[in-house]
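Try each task before reading its solution.

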Amino acid sequence: MISVEIPTILRTYTGGERAVTAEGDTLGAVIENLETAYPGIGDRLVEAGALRRFVNVYLNDEDVRFLDGLAAEVSDGDTVTILPAVAGGAPAAAVG
Amino acid sequence: MLEISQELVDSIVAHARQDHPDEACGVIAGPANSDRPTRFIPMTNAARSPTFYEFDSMDLLRLYRELAANDEDPVVIYHSHTATPAYPSRTDISYASEPNAHYVLVSTRETGTEDGPYEFRSYRIVDGVVTEEEVRIGSDAS
């Protein structure tokens with residue numbers, strides 16, 4: 001069983017739950033499992049077969065981008081943490 | 001409305017000036033559900049850019065674990081614009097993902113790293129909708 005920590009903005013999919021459980025032996029499988037239980041959440045995390053650029057996903061205390069991304073192997077008892085990036089940018093020209 | 005102490009405003013502006021011409025960014029934490037900003041947490045802009053900011057992903061994880069351990073919320077999420085007005089850009093809006101936060105924007109376009117006029121404005125950004133709010137600055141009573 002994998003614990004998954006859900007950020008505020010995705011709790012609309014989990015009925016307000018901030019921590020849920022899932023199954024899977026890779027991160028990709030865990031996300032598919034989440035999608036089954038909480039339809040729509042998968043699309044917030046994955047686009048065109050890869051993790052979305054501005055969503056950070058951690059396996060225990062490591063950013064999965066430094067592991068194997070969606071192929072990262074997940075073990076029973078692991079925790080997956082999801083945190084949307086805190087980011088932004090000014091417009092290229094002053095048009096607002 | 002954002003209620004914030006002068007001291008915290010000064011800290012944000014000083015950070016923006018210090019990092020100019022790169023965008024500065026950070027958080028002001030406060031007790032969970034209080035909507036009261038109390039603890040200034042400047043962050044490193046991992047993008048180190050005059051037109052983009054991003055918290056480093058591991059800094060972000062450490063920050064959120066710390067907030068959880070302290071029973072705090074990210075009450076204010078701030079960043080600076082260095083050549084444009086203190087108004088959320090399209091990317092600011094599309095990446096805003098804390099619906100309960102006050103998004104503070106500072107612009108250092110007038111005076112850069114020096115003392116002098118600056119813009120300090122606060123917004124709510126929820127589901128892609130930006131609403132400017134009043135900023136009420138008080139002496140630090142917290």
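**Exercise 1: the fold of chain B**

In chain B, residues 24 or more positions apart account for 61% of the contacts with a separation of 6 or more. Keep in mind that this is a predicted model.

Task: work out how many helices and strands chain B has, and in what pattern they come.

Solution. Start with the count: chain B has three helices and nine strands. Next, walk along the sequence, and the pattern reads β-α-β-β-β-α-β-α-β-β-β-β.

**Exercise 2: a helix in chain B**

Task: find which residues of helix 1 of chain B are buried.

Solution. First locate helix 1 of chain B, at residues 6-19. Its end-to-end C-alpha distance is 20 Å, close to the 20 Å expected. Then pick out the residues with 20 or more other C-beta atoms within 10 Å: they are L8(B), V9(B), I12(B), H15(B), A16(B), R17(B) and D19(B).

**Exercise 3: the sheet in chain A**

Task: give the strand order of the five-strand open sheet in chain A, then say what lies across it.

Solution. The order is 2-1-7-5-6, with mixed pairing. That puts strand 2 and strand 6 at the edges. Strands 5 and 7 of chain A pair antiparallel over five bridges, with V57(A) opposite I82(A). Helix 1 of chain A lies across strands 1, 2, 5 and 7 of chain A, while helix 2 of chain B lies across strands 5, 6 and 7 of chain A.

Definitions and conventions. Residues numbered from 1 in each chain as written. Chains lettered and ligands numbered in written order. Predicted model: local features only at pLDDT ≥ 70, side-chain atom pairs only at ≥ 80, totals over all residues. Helix = DSSP H or I, 4+ residues; strand = E, 2+ residues; numbered from the N terminus. Contact = placed C-beta atoms within 7 Å. Expected span 1.5 Å × (residues − 1). Buried ≥ 20, exposed ≤ 12 C-beta atoms within 10 Å, placed from the backbone. Pairing = 2+ DSSP bridges. Axes fitted to C-alpha atoms, helices over the stretch in contact; angles between N-to-C directions.
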